[in-house]
Amino acid sequence: MTRKLIVIGAGMASGRMLEHLFDQGDDWNVTLFNAEPRGNYNRLMLSPVLSGEKTYEEIVTHDAAWYEERGVTCRFGEKVAEIDRASRRVMTEAGEVLEYDKLVIATGSNPFIIPLPGHDLEGVIAYRDLEDTNRMIALGEQQAAKAVVIGGGLLGLEAAAGLHARGVDVTVVHLMGHLMERQLDEAAGYLLRKELVGRGIKVLCSTNSKQILGQDGHVTGLELDNGTVLPCDLLVMAVGIRPNVALGQQAGLAVGKGIHVDDQMVTSDEHILSVGECVEHNGAIFGLVAPLYDQAKVAAATLSGKPARFVQKEVSTKLKVTGCDLFSAGDFAEGEDREDIVFRDPARGVYKRLVLKDNKLIGAVMYGDTADGSWFFSLMKDGESVAEMRDTLIFGPAFQGGAAGDPLAAVAALPDDAEICGCNGVCKGQIVQAIKDGAGSLADIKATTKASASCGTCTGLVEQVMAATLGDDFVLPAAQSVCGCTDLTHEDVRRLIKAQELKSQPAVWQELGWTTPNGCHVCRPAVNYYLLADWPLEYQDDLQSRFVNERNHANIQKDGTFSVMPRMWGGITTPDELRAIADAADKYRVPTVKVTGGQRIDLLGVKKEDLPAIWYDLNQAGMVSGHAYSKGLRTVKTCVGKDHCRFGTQDSTGLGIKLEKKLWGSWTPHKVKLGVSGCPRNCAEATCKDVGIVCVDSGFQVGVAGAAGMDVKETERLVDVKTEEEAIEWTAAFVQLYREHAKYLDRPYKWVAKVGLDWVKERLSDDAERAALNERFEISQSVYRKDPWADHAESRADQYQPLADITLEAAE
Amino acid sequence: MSWIDIGHIDDVPLRGARMVKTPVGCVAIFRTAEAEVFAASNSCPHKGGPLSDGIVHGRKVTCPLHNWVFSLETGEAQGADEGRIATYPIRLEEGRLMLDAVAVGKRSAA
Ligand code: SRM
Ligand SMILES: Cc1cc2nc3c(=O)[nH]c(=O)nc-3n(C[C@H](O)[C@H](O)[C@H](O)COP(=O)(O)OP(=O)(O)OC[C@H]3O[C@@H](n4cnc5c(N)ncnc54)[C@H](O)[C@@H]3O)c2cc1C
Ligand code: SF4
Ligand code: FES
């Protein structure tokens with residue numbers, strides 16, 4: 001008996017289902033509805049159509065002849081409007097009514113449109129079907145066309161790459177910190193972004209949109225949260241999809257996020273099945289085609305009365321942008337019970353990361369070289385133990401069963417003419433020869449052969465050559481690397497950040513071959529500092545890479561409360577300021593008020609929740625953060641100077657205030673404290689500060705590199721100058737030189753001991769260099785000479801409050 | 001288990017933490033990745049350091065007072081230090097943070 005089957009939606013899932021159904025040879029009278037005015041085509045391939053690598057005709061999966069042979073009644077361009085389950089009928093939008101024995105809902109999903117003001121303007125489109133694709137292709141024919149794509153996920157990037165290939169000027173606006181964050185970790189996201197930016201596609205991450213601008217009903221641009229306007233002729237929103245459940249809901253089927261189906265793809269009505277992106281199975285919804293094909297097979301079997309079960313499996317992702325090779329599968333979050341195997345080849349832009357748990361592969365992310373992706377994916381699906389090949393796993397199948405994975409053995413096996421240092425063209429033989437000639441340390445090798453003396457990324461390899469050549473005589477240099485995440489020293493990292501123009505943390509992790517996915521509490525603050533010091537305008541300071549005191553702009557106390565210390569410029573205060581401090585102490589019940597060794601007043605024991613409010617109050621009285629917590633400028637201690645003191649030679653207080661106002665807010669490798677004394681009696685203890693100025697009749701003696709903490713050391717004379725302006729100029733230049741060169745957590749006296757005062761003097765005596773240092777300092781200060789208290793009180797106050805309080809509601 | 005909505009994942013900075021007051025004391029909510037969170041006691045077993053003020057790296061947190069490091073999965077102190085923080089079930093539902101109310105000492109979630 002021929003039964004009537006109605007299928008709603010001619011998409012990827014239903015197309016596959018019909019193939020299986022007809023293969024089984026049952027007798028069905030099929031009517032196929034599709035809202036799009038065409039039959040089944042390969043939606044995935046819209047991207048190659050957009051980029052011009054394929055035509056629409058090439059991606060049609062079922063043509064008119066196919067439907068005709070199987071007697072399928074095609075109702076393309078017609079939407080089903082209603083289902084009446086009681087009478088087993090559907091009604092089309094035109095009002096026509098058809099009966100079914102079985103019904104399959106395969107309506108896919110709807111692209112999500114963020115309801116930004118202006119989202120309904122003409123020229124705001126999604127990326128879902130051929131119409132959208134043609135719209136983008138047409139834009140490419142326009143002169144100097146501009147487009148904005150909101151969303152840096154798979155679809156958004158394929159749209160952007162395709163538009164770009166058509167000659168359109170494209171900007172991608174992405175809310176998250178890195179591209180494709182659901183499929184990629186930051187390192188791979190960084191490489192992908194680098195590739196796209198290199199092609200000329202603009203990419204803005206961590207960026208929020210405010211509104212879509214238009215004129216005469218047509219889109220003209222996108223305004224971002226920060227006020228920037230990106231002009232555009234077309235705006236593509238690719239921010240996600242929502243299962244298209246409208247019909248299921250209307251029909252009263254069980255619907256959650258999608259239409260509920262069981263393992264047989266049957267909905268809550270036994271006569272209705274559903275497949276594709278519109279379904280929800282065991283709490284999961286679907287956005288990739290592989291599981292939909294499994295569903296299609298099960299649905300066809302169920303219709304034919306055969307047993308079959310849909311089982312969810314791992315899925316893998318690839319981006320269909322020619323030249324961007326990436327692969328991701330499984331779960332790649334890190335964890336205690338998980339092991340990471342990371343391989344980075346900065347020169348080729350390759351990054352591979354495997355995640356193991358209980359000796360099984362559970363996740364993989366790859367960029368640049370994805371040839372082994374499917375092999376890893378099959379290992380993952382099989383769930384077999386990889387213990388045997390653990391050490392060489394990352395090198396892929398070609399390596400298995402072959403040579404041993406011992407890196408030393410591999411290096412030992414290299415021929416003499418194998419290149420070790422790419423920058424300086426040094427091969428293995430030269431290094432071995434240098435060792436035979438007596439070079440016994442990495443420094444010797446650098447000096448004699450230049451190997452590892454430039455970019456430094458081959459340092460590990462050079463050391464392996466040394467180990468292989470010297471055998472037990474070679475002891476790897478004592479741990480002076482930043483931390484366990486890298487073999488590089490602080491100095492190397494600083495130099496490479498500048499030389500390779502690395503401007504983000506993921507860039508550092510990738511290009512410098514970090515062995516962990518995102519660093520640790522030791523390297524993160526250091527790298528964050530280096531980046532903000534070298535790229536003040538481009539790099540965005542990362543609060544989460546800062547120690548608690550610098551993140552919360554207050555010193556944490558042993559009981560978890562904080563201290564609050566407003567600035568008192570040069571140690572000068574006023575009755576009004578003192579009253580405001582007293583009022584704040586009363587209002588926030590501050591247990592201890594103390595005069596510090598730095599000439600100001602400390603309010604100790606303030607609760608974290610109260611910080612934004614007490615800051616606000618102090619701000620109202622004109623006071624700002626004293627940065628008593630920062631690796632940055634602390635205090636400028638002064639004495640009363642010639643205004644009052646009978647021995648004073650210059651206005652030491654005034655100079656102190658000027659210096660503090662110039663330097664405050666700047667971040668430095670370690671803290672920086674200044675002192676200005678009005679005469680050599682030195683009441684401001686200037687001769688043991690990081691920079692100490694002693695006023696004399698003839699002008700100012702500028703000393704640097706003093707210490708009075710764990711070490712005590714007198715300053716060394718940097719220069720004698722005649723005017724205040726010169727004293728300030730030299731001081732700022734010294735601080736900037738320190739900012740640009742010192743290792744994180746070295747106070748100036750330690751840094752100067754390493755580079756030598758002569759070198760510092762030589763650099764600073766050059767007028768042009770001093771001016772350049774001052775200029776760079778001011779550029780950085782244009783970002784950082786701002787009161788963080790005011791900023792946090794205004795824009796981050798909620799972060800200081802508990803996220804929730806669920807003790808109260810417990811009251812019975 | 002009885003899940004209680006305590007906020008949105010975006011309220012917690014990436015590789016950062018926020019604190020929640022509960023009947024068993026302060027509980028820290030850690031966000032280790034774009035869509036990965038953990039809940040554990042906010043109080044360090046060493047000298048009570050507030051862990052939600054620590055640096056979050058990998059699936060670990062470093063105490064802000066004396067740098068003890070804890071696994072957020074098992075609660076165990078890492079390396080040479082010995083100690084453990086309580087961990088609590090938490091899950092993500094469409095971006096909402098759902099904490100197990102019973103585990104943090106509420107008799108009913110309603
Ligand atoms: C508040 C204050 C003590 C006081 O009550 O007077 C103080 C308090 C702290 N000092 Fe200090 N130092 C204070 C003046 C000094 C001075 C004297 C000075 O600045 O005139 C020194 C010696 C000079 C120097 O800087 O070396 C000083 C040398 C240190 C050191 C050792 C630094 C070194 O390189 O040897 C540390 C530890 C560190 O920074 O690593 C430190 C660290 C600390 C910390 C931040 C400890 C910490 O990490 O939690 C203390 C915070 C207490 C709190 O809870 O707020 N403090 N500290 C002083 C604040 C001055 C201000 O107004 O900002
Ligand atoms: C540009 C692009 C690239 C992609 N790339 C990949 C990729 O690389 N890998 C991957 O795995 N996945 C990819 N996807 C996702 C993949 O295409 C989808 O998962 C898949 O198409 C979903 O199939 P479906 O049958 O559920 O829905 P669809 O293919 O969307 O089919 C549903 C059909 O139902 C019709 N319909 C809806 N409501 C009604 C109604 N009331 N009456 C009649 N008809 C209706 C719609 O018009 C539509 O034609 C991509 C998607 C796009 C848009
Ligand atoms: S000397 Fe400084 S660091 Fe030491 S206890 Fe006193 S305030 Fe704290
Ligand atoms: S209180 Fe946490 S390490 Fe000391």
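An open sheet of 4 strands in chain A has the order 30-31-33-32, with antiparallel pairing. Strands here are DSSP runs of E with at least two residues, helices are runs of H or I with at least four residues, and both are numbered from the N terminus. Two strands pair if DSSP finds at least two bridges between them. The edge strands of the sheet are strand 30 (555–556) and strand 32 (592–595) of chain A, and each pairs on one side only. Strand 31 (residues 562–564) and strand 33 (residues 601–606) of chain A run antiparallel and are joined by 3 bridges. Within strand 33 of chain A, A:Leu603 stands opposite A:Val564.

The model is predicted: local features need pLDDT of at least 70, side-chain atom pairs count only at pLDDT 80 or more, and totals for chains, interfaces and linings use all residues. Residues are numbered from 1 along each chain as its sequence is written, chains are lettered from A and ligands numbered from 1 in the order in which they are written, and side-chain values use heavy atoms, with hydrogens and water left out.

A hairpin occurs elsewhere in chain A. It is formed by strand 13 and strand 14 of chain A, with 2 residues between them. In the turn, A:Asp216 has a positive phi of about 50 degrees. Strand 13 (residues 209–215) and strand 14 (residues 218–224) of chain A run antiparallel, joined by 6 bridges. A:Leu213 has A:Gly221, in strand 14 of chain A, as its bridge partner.

Ligand 1 is surrounded by 20 residues. A residue counts as near a molecule or strand if one of its heavy atoms lies within 4 Å of it. By class, the shell around ligand 1 has 4 nonpolar, 9 polar and 7 charged residues. Nonpolar covers Ala, Val, Leu, Ile, Met, Phe, Trp, Tyr, Cys and Pro; charged covers Asp, Glu, Lys and Arg; the others, Gly among them, count as polar.

A polar side-chain atom of A:Lys594 lies 2.9 Å from an oxygen atom of ligand 1. For an N or O atom in the side chain of A:Arg600, the distance to an oxygen atom of ligand 1 is 2.8 Å. A polar backbone atom of A:Met710 is 2.7 Å from an oxygen atom of ligand 1.

Ligand 2 has 30 residues around it. A:Ala13, A:Arg128, A:Glu277, A:Val289 and A:Lys320 come nearest. A nitrogen atom of ligand 2 lies 2.9 Å from a backbone N or O atom of A:Ala35. An oxygen atom of ligand 2 lies 2.7 Å from a backbone N or O atom of A:Val289. The side chain of A:Glu277 has an N or O atom 2.5 Å from an oxygen atom of ligand 2.

A:Glu277 also meets A:Arg128 in a salt bridge between side chains (2.8 Å, N to O). This pair links distant parts of the chain, 149 residues apart. A:Glu277 is in the loop between strand 19 (272–274) and strand 20 (279–280) of chain A, and A:Arg128 is in the loop between strand 9 (124–125) and helix 4 (130–141) of chain A. A salt bridge is a side-chain nitrogen of Lys or Arg within 4 Å of a carboxyl oxygen of Asp or Glu. Over all chains, the count comes to 53 salt bridges.

Chain A and chain B also meet. The contact (heavy atoms within 4.5 Å) takes 45 residues from chain A and 42 residues from chain B. The two chains bury about 3,400 Å² between them, 52% of it on carbon and sulfur atoms. Buried area is the accessible area (1.4 Å probe) that two parts lose on being put together, summed over both. In chain B, B:Arg15, B:Arg18 and B:Ile55 lose the most area to chain A, together 20% of what that side buries.

Across this interface there are 3 salt bridges. The side chains of A:Lys608 and B:Asp53 meet in a salt bridge (2.7 Å, N to O). The largest share of the side of chain B that touches chain A, 6 residues, comes from strand 2 of chain B. Strand 2 of chain B pairs in the parallel sense with strand 41 (residues 804–805) of chain A, over 2 bridges. There, A:Ala804 stands opposite B:Val20.

Terms used. A polar contact is a pair of N or O atoms within 3.5 Å; within protein, one must be able to donate a hydrogen and the other to accept it, and residues adjacent in sequence count only if both atoms are side-chain atoms.
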